[in-house]
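The following exercises concern the chains of one model and the way they meet. Each task is followed by a solution in steps.

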Amino acid sequence: MPETVSTPAVVSADLYQEIHQFYARHMYAGDSGDLDGWAAGFTEDAVFVSNGLPEPLEGRAAIDAATRAGHAARAGRGAVHRHIVTMLDVRPQDADSVATRSYVLVVESVPEGGSKLHVSTVLEDRLVRADDGWRVAGRWVSRDDLPAAPATS
Amino acid sequence: MPETVSTPAVVSADLYQEIHQFYARHMYAGDSGDLDGWAAGFTEDAVFVSNGLPEPLEGRAAIDAATRAGHAARAGRGAVHRHIVTMLDVRPQDADSVATRSYVLVVESVPEGGSKLHVSTVLEDRLVRADDGWRVAGRWVSRDDLPAAPATS
Amino acid sequence: MPETVSTPAVVSADLYQEIHQFYARHMYAGDSGDLDGWAAGFTEDAVFVSNGLPEPLEGRAAIDAATRAGHAARAGRGAVHRHIVTMLDVRPQDADSVATRSYVLVVESVPEGGSKLHVSTVLEDRLVRADDGWRVAGRWVSRDDLPAAPATS
C-alpha cells in the first residue's frame, strides 16, 4: 500500500486530463512494444510493487528488465496485452505530485485465438511532474485473483 | 426508464470531472467493503430499479440492506466485484441535478480462481448535488443478459 | 494506418470532453439500434478500414449498409453488442480536426446467455468538426485477435 496523503479535494479537469493522457500513452507504449517509451515513464529510482511479483522491483532498470522479460514471453506465444485504466481517481499531493487509484483490466489476445480478460487489478501510483510530463515514482499493483501482498520487511 | 429531460448541451469538463470522480469513489467504496460509504452515496429517498431485482428498492435503508446481503454472499465464496463505469454521458437537468448514462461492466474475481466478466449493464442515474458532493436520487440498471424490466405499476 | 500528424500537445479538458461525449453518444446509438443516428456520425465521404473486413468501406452509405447487416445478424440470434471506448487519446490536428486513438472492447450479451468479451481492438479515428458536433471522416480498426490489415493498394 502506497504511503499517500488522502485529500478530499476535487482535482481540476485540466490536471485530470493531463494524468489520463499520461496513462493512455504510457500503457499504449508498453502494450505496443515501445519498451523504451514505457520505461521512460518511470523515475530512475521508481519502485514497482505487486502481489503478482515475488518481490518489489527497485529502480527503472529493474522495472525495465522485468517488463522486457514479460514482453518476450508473451511474444513467444503470439499474445498481445492491453492495459485498460478505468475509474481513475486523482488526488493532488502537492504542486508536482499526485496519487492515483484506478481499476486496470488486462486483456489478452492471441491471433486466431480470440480475446479474453486476463487479470483485474487495483493500481495505485504516485506520479511526479517532470519537465516533459509525468513519471511514475511508485506503483502498487494488487491483482484481484491473488492474495494481498505480504508486508515488505 | 428514468424520467429525465433530454438536453443536447455539452457538459463542462469541470462538471464532468466532478461526476466521474463521484463514480470512481462511490464504486470503489462498494467494491472494497466500505458499505457505509457506499450507502452515503444515495439520498434518503433514493430509488434503485433493476431488471436483475424482483422489485424496485425504495429508500437508502432498503438499498443498503440489499447491498449488504449481496456483499455477504460474495464474501462467503471469496469473490470480489469491480464495478467499472465506462462511456459516461452527463446531461445537466438544472443547476443541482444531472442525468447520467453509462455502460457498467462488473468483473468478478476469486482468489486463485481468475477473473471474468460477470455482467454488462446500462446504468442510468439521476444525481443531485448535496453540500458535500453528489448523491444518487434514482438509479435504473438494465442488465444486457436479462429481459428488459417490466413497467412498474 | 491513418495518415495523421503526431503532435505532443496536451489537449484541453474541454475539447477532450467534447470528443469523449461524441463517442459515448455515437456508440450508444449504434449499440441500441438507432442506426440513423449512428450513420449520422460519419461524413458523407468517410472511410472505414478494418482488419476484420474484407475491404475498406468507402462513404457513409456503404458504412451504413454494412452496419445494418451486422445489426440484423446479431438481432437474429438475440445478441447485443456494447462498444466500450477506453484509454482515449486525442491529438488536435488543426482547429477543426482531431486524431484519436483508443482501445475499444466489444462486449456481447445474449439474454439468458450471459455476457462475454467479444473482441479487443485499437481504434484510430480522424474526426472533423461540423456545425452540430463532430463526425468521423476516417476510421481504422485493428482487431487484436486477427493479423494486421494488409496495405491497401
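**Exercise 1: The interface of chains B and A**

The area buried between chain B and chain A is about 2,000 Å², and carbon and sulfur atoms give 58% of that area. Buried area is the accessible area (1.4 Å probe) that two parts lose on being put together, summed over both. The model is predicted: local features need pLDDT of at least 70, side-chain atom pairs count only at pLDDT 80 or more, and totals for chains, interfaces and linings use all residues. Residues are numbered from 1 along each chain as its sequence is written, chains are lettered from A and ligands numbered from 1 in the order in which they are written, and side-chain values use heavy atoms, with hydrogens and water left out.

*Task.* Describe the contacts between chain B and chain A, and state which elements of chain B supply them.

*Solution.* 

1. Contact (heavy atoms within 4.5 Å) links 25 residues of chain B with 25 residues of chain A.
2. Two salt bridges are counted between chain B and chain A, a salt bridge being a side-chain nitrogen of Lys or Arg within 4 Å of a carboxyl oxygen of Asp or Glu. A:Asp144 pairs in a salt bridge with B:Arg82, with 2.8 Å between the closest N and O atoms.
3. On the side of chain B that touches chain A, at least two residues each come from helix H1 (13-32), strand E3 (80-94), strand E4 (97-110) and strand E5 (114-130) of chain B. Helices (H or I, at least four residues) and strands (E, at least two) are DSSP runs, numbered from the N terminus.
4. H1(B) supplies the largest share of that side, twelve residues.
5. By type, the side of chain B that touches chain A has eleven nonpolar, seven polar and seven charged residues. Here Ala, Val, Leu, Ile, Met, Phe, Trp, Tyr, Cys and Pro count as nonpolar, Asp, Glu, Lys and Arg as charged, and the others, Gly among them, as polar.

**Exercise 2: The interface of chains C and B**

*Solution.* 

1. Between chain C and chain B about 2,000 Å² is buried, 59% of it on carbon and sulfur atoms.
2. C:Gln17, C:Arg25 and C:Tyr28 supply 27% of the area that chain C buries against chain B, more than any other three residues.
3. Two salt bridges are found across the interface of chain C and chain B. C:Arg82 forms a salt bridge with B:Asp144, where the closest N and O atoms are 2.8 Å apart.
4. Helix H1 (13-31) of chain C is among the elements that each supply at least two residues of the side touching chain B, and H1(C) gives the most, with twelve residues.

**Exercise 3: The relation between the copies**

*Solution.*
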